Amino acid sequence: MAKKKRNSIPFRIAKFFVRALYPKIEIVNPELLSGEPMVFVGNHSQVHGPLTCELYFPDNCYAWCEGKMVHLKEVPAYAYVDFWSYKPKSMQWFYKLLSYIIAPIAVFIFKNARTIPVYHDTRIVSTIRESMNLLDSGNHVIIFPEHDVEFNNIIYDFQERFIELARFYHKKRGKILSFVPMYIAPKLKKTYFGQPIKFDPTNDIALERDRIREYLMTEITNIARSLPEHTVIPYRNVSKKLYPKNIPADPQEDTENAKAGS
């Protein structure tokens, strides 16, 4: 069984001040977070997704994070590419320097926060094992699976391998895992959940990955577009003047772009 993560005193102090400064994000229909263990899958919304989960989700929620962010030597290269590579070329020197400055801070945060490091090599076994142990203990897992491929005005395309967690969970524990679509809207100061979708162990795994991935992306998009007009904070850290609205200016064009990216 997984042991509850204990924060250091400096981290708790830092978290107190961040919570005081960062806007309160309301969780709409929070009853899902008190139910059976599930995987909540949402838009990254740059730093806002992870921050919202750490600050305002209950202590039984643990988020997948990039494994490189818990290793000091690996932080700068990853941080620069993932956070700032789309910044103006004239300022790239500054962001490269900044990526080194934040490295020890990032390691401190990610090692103390409710995170599960995700690796892209044989160490992925530790990610799956820790996730299953946390689920066994009644916790939820949170995943932000977007990657740098445009899908529509709400989200970027989802990677699909995170769905393997459900396959291993069924194989090792004999339990069916559900995935919950989640839309984080910092501009509305709210987080919304959609209807869960259950993993089907009788289905071909490749088809099942496609089915669940497409459902989650569609539901998150639908949730976002059902809300009052607001600015969407995208996955990619681009200029704020390029941030889209939740209602596309040309729905037909947006649909075509989504099909092209799928």
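**The chain as a whole**

In this predicted model, 45% of the 262 residues of the chain count as buried.

The overall dimensions can be described in two ways. Taken along the principal axes, the C-alpha atoms fill a box of roughly 55 × 50 × 35 Å. The radius of gyration of the chain is 18 Å, which agrees with the value near 18 Å that a compact globule of 262 residues would have.

In secondary structure, the chain holds nine helices and 10 strands. Among contacts with a separation of 6 or more, 71% are made by residues 24 or more positions apart.

Attention now passes to a single pair of helices. Two packed helices are described by the angle between their axes and by the distance between those axes. Helix α4 spans residues 92-101 and helix α5 spans residues 103-112; the two pack at an angle of about 50°, and their axes lie 4 Å apart.

On the α4 side, the contact is made by Ser99, Tyr100 and Ile101, and α5 contributes Ala103, Pro104 and Ile105. By class, the contact of α4 with α5 has five nonpolar residues and one polar residue, with no charged residues.

Definitions and conventions
Residues numbered from 1 in each chain as written. Predicted model: local features only at pLDDT ≥ 70, side-chain atom pairs only at ≥ 80, totals over all residues. Heavy atoms only, no water. Axes fitted to C-alpha atoms, helices over the stretch in contact; angles between N-to-C directions. Contact = heavy atoms within 4.5 Å. Nonpolar A, V, L, I, M, F, W, Y, C, P; charged D, E, K, R; others polar. Rg over C-alpha atoms; globule rule 2.2 N^0.38 Å. Buried < 20%, exposed > 50% of the residue type's maximum accessible area, 1.4 Å probe, protein only.
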